[in-house]
Amino acid sequence: MLIVDDHASFRSLARRLLVADGFDVVGEAGDAADAFEAVRALAPDVVLLDIRLPDLDGFGVAEVLAGDDAVDGAPVVVLVSSRARHDYGPRVDSSPARGFIAKDDLSGEALRRVLGDGADRSSTRQVGGAP
Amino acid sequence: MTARLVSVAAVLAGVAASLALVRGGYTVPDELVAPTLVLSLAVAWSFVGVGLVARRRRPDSRTGVLMVVFGFAWLARFVVAVDTTPAFVAGVLLGSVALSVFVQLLVTFPTGRTESTAQRVLVGVGWLLSVPLDAVFLAVGAQRGRGDGPPPNGLVITPSGGEFRPDVVDLTVQAVVVVLLMSVLVSVWLRWRASGPAARRALTPGLVGGTIVVGTLLVERTAILLLLPPSAGVWLAWSAQVVLVVWPAALLLGLLRSRLDRSGVGRLVVELGGAGAGVGTDTAPEHLRSVVARTLHDPTVELVHRLPGTEDYVDPAGARVEVGSRAVTFLERDGEPIAALLHDPALTAEPDLVEAVAAGAGLALENERLHAEVRHQLREVRASRARLVEAADAARRRVERDLHDGAQQRLVAVGLALRLARNESSDQLDALLAEAADELTAALAELRELARGIYPPLLTDGGLAPALLSLAERAPLPVVLTDVPADRPPETVERTCYFVVSEALTNAAKHAAATKVEVSVVPEGDGLRVEVVDDGLGGADADGSGLRGLADRVAALGGSLRVESPAGRGTRVTASVPCG
């Protein structure tokens with residue numbers, strides 16, 4: 001998998017955490033441009049993509065990757081952010097990304113849950129009657 | 001009080017004059033007694049009566065007083081009808097006073113004051129030629145007309161038949177009087193010609209009447225000089241007296257006209273201050289000019305403004321104007337001219353009117369200037385208020401970003417590091433790390449909530465609808481979002497609507513113990529109406545810091561916030577936010 005985040009400390013920690021949990025991290029990228037390059041060069045199966053990047057945001061990167069013919073078999077994108085999912089409203093659901101993980105919840109187990117089960121996407125939005 | 005005394009005196013003087021005529025010792029033809037008395041009393045009382053009215057209505061003018069004096073002088077002539085030498089002397093001298101007063105009245109109308117050298121000369125000559133000349137005339141021993149027959153000095157108008165043989169003295173006196181009267185006519189004519197429309201309105205009635213009297217007298221005197229048929233002279237003399245009866249009314253009309261012009265100044269001020277004055281519009285200067293022109297009866301009036309800090313004046317279009325070229329009256333504020341009226345030079349004859357109009361126009365200009373200043377300041381205040389809100393929002397957004405990029409990221413990293421550490425630790429250490437991780441998770445959640453409250457990132461990214469939806473979902477009580485516009489209004493409007501809902505929801509949950517809240521944002525006019533209704537305790541304080549701040553924020557956009565919160569019946573917060 002490929003880790004895309006502009007914070008080097010997060011990339012390093014996430015890499016170690018996920019490697020420890022059995023993932024194979026093939027590369028890292030600090031911004032959208034590097035991310036596209038890395039995806040073409042490394043063809044990862046999964047991209048762990050931070051939403052806030054210095055150039056294009058994570059939603060934009062996911063859109064591009066989903067529609068990029070140059071990439072043989074578009075990677076699965078999992079969005080991460082230090083903000084909460086509902087801070088992005090319906091944008092996570094409407095993006096081609098497979099799912100969302102808050103950065104402080106990141107673990108191999110959380111990632112596996114998102115990858116293995118699309119149910120995470122189906123969490124319904126409610127109007128009124130919040131939990 | 002004085003007027004009453006004067007009236008009583010006039011009546012008594014009339015009675016005395018009548019007695020003098022009837023019982024004075026001269027022979028008056030029976031058929032002439034009544035007409036002479038009626039006309040003489042009519043002239044005298046008309047002058048005294050109308051003179052008193054004129055004095056009351058126009059105390060600033062001496063014309064009224066001169067009219068009263070003329071009325072008494074007219075009666076005083078009757079002293080001559082008493083057939084004694086002292087009475088003859090007094091009657092001859094007093095008889096000429098009327099002529100002198102008449103000249104002064106006509107020459108100085110309507111102010112009653114001599115205002116030029118020519119006027120002073122004419123009035124002076126009028127007095128010199130009557131009383132002193134008569135005194136000389138008496139001193140040389142003339143006792144003309146005394147004895148049998150009608151009283152002397154033309155008191156009773158009667159054909160002198162063929163007996164009248166004028167001597168040199170008579171002819172000289174008559175010639176001098178004719179020259180004086182002609183000079184008066186010329187002076188009057190010159191003055192009228194030099195007058196502007198406003199002054200002419202006041203002058204015309206008095207001058208026309210005076211000219212007819214003078215003209216009639218002139219022809220009568222000339223008739224004697226030219227030895228025309230005496231009957232013509234008699235007829236003219238009667239006519240002159242008839243005209244004299246109505247002349248005071250004409251004088252009064254003239255006086256009141258110039259007073260009406262002055263009351264026009266009152267109308268000017270009212271009109272300029274009125275709603276239709278167009279204050280602050282492009283038509284305001286022309287409106288002001290036309291009202292001033294109408295009040296001054298001078299359609300050529302120009303209103304020019306002084307360029308601040310210079311001696312130059314410009315017209316409303318901004319073109320430079322040479323101020324010295326016409327008669328000019330300055331409009332001053334604090335002793336400094338701020339504008340000038342360029343007008344007909346004839347209006348300088350009515351400085352009071354022009355100054356009053358200038359003061360009225362100055363008031364309007366000052367008013368206009370103050371309006372403009374207030375409008376300018378209001379614009380400034382509105383703009384700066386909007387900028388303050390904008391700046392505060394920008395600051396909030398920056399703080400949110402900084403939290404997100406700084407502390408939050410670091411805490412996330414610490415959290416991940418703890419998780420890594422747990423993978424390689426003993427049980428005891430693991431428990432400690434788990435505890436630290438839990439604390440960290442809670443801190444992060446609080447930090448995230450704090451950041452979101454400071455500035456909701458979703459509002460910028462997604463707009464009002466998703467931001468309000470997210471707000472509703474996270475609220476600690478059920479929130480029904482009934483209406484949110486699909487279109488995105490300007491960012492400032494979005495933020496304001498969002499913060500209204502956010503603050504109202506916080507209040508509903510924290511203070512009102514509400515069980516549910518309804519939120520709607522609907523288009524209203526060219527803006528949005530935000531309504532948040534809860535079923536809580538009510539009694540919210542609209543001046544509390546939260547709602548007060550909201551009201552300020554809404555007002556900064558030119559909108560308004562209303563809080564209805566009757567105790568026990570819930571709270572309704574309504575904000576109208578214009579989008580312009």
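In this predicted model, helix α4 (residues 85-108) of chain B packs with helix α5 (residues 117-139) of chain B at an angle of about 170°, their axes lying 9 Å apart. Axes here are lines fitted to C-alpha atoms, for helices over the stretch in contact, with angles from 0 to 180 degrees between N-to-C directions; helices (H or I, at least four residues) and strands (E, at least two) are DSSP runs numbered from the N terminus. The pair α4(B) and α5(B) is therefore roughly antiparallel, the term for angles over 145 degrees, while those under 35 count as roughly parallel. Residues of α4(B) that meet α5(B) include B:Val89, B:Leu93 and B:Ser100, and among their counterparts in α5(B) are B:Leu122, B:Trp127 and B:Asp134; contact requires C-beta atoms, placed from the backbone, within 7 Å. By class, this contact of α4(B) with α5(B) has 13 nonpolar, seven polar and one charged residues. Ala, Val, Leu, Ile, Met, Phe, Trp, Tyr, Cys and Pro count as nonpolar, Asp, Glu, Lys and Arg as charged, and the others, Gly among them, as polar.

Further along chain B, the axes of helix α13 (residues 464-474) and helix α14 (residues 491-510) come within 10 Å and cross at roughly 10°. That makes α13(B) roughly parallel to α14(B). The contact is made by B:Leu464, B:Ala467, B:Leu468 and B:Leu471 of α13(B), and by residues of α14(B) including B:Tyr498 and B:Leu505.

Turning to the interface, the contact takes 27 residues from chain A and 31 from chain B. Helix α1 (residues 8-20) of chain A gives the most to the side of chain A that touches chain B, with seven residues. That side of chain A divides into 11 nonpolar, nine polar and seven charged residues. Within α1(A), A:Phe10, A:Arg11, A:Leu13, A:Ala14, A:Leu17 and A:Leu18 are buried (20 or more other C-beta atoms within 10 Å of a residue's own, C-beta atoms being placed from the backbone). These buried residues pack against β1 (2-4), β2 (27-29), β3 (46-50) and α5 (108-116) of chain A, together with α10 (351-423) of chain B. After α1(A) comes A:Gly22, whose phi is positive, near 100°.

Residues are numbered from 1 along each chain as its sequence is written, and chains are lettered from A and ligands numbered from 1 in the order in which they are written. Local features need pLDDT of at least 70 and side-chain atom pairs count only at pLDDT 80 or more, whereas totals for chains, interfaces and linings use all residues.

Technical notes:
Parallel < 35°, antiparallel > 145°, perpendicular 65-115°, else oblique. Contact = placed C-beta atoms within 7 Å. Buried ≥ 20, exposed ≤ 12 C-beta atoms within 10 Å, placed from the backbone.
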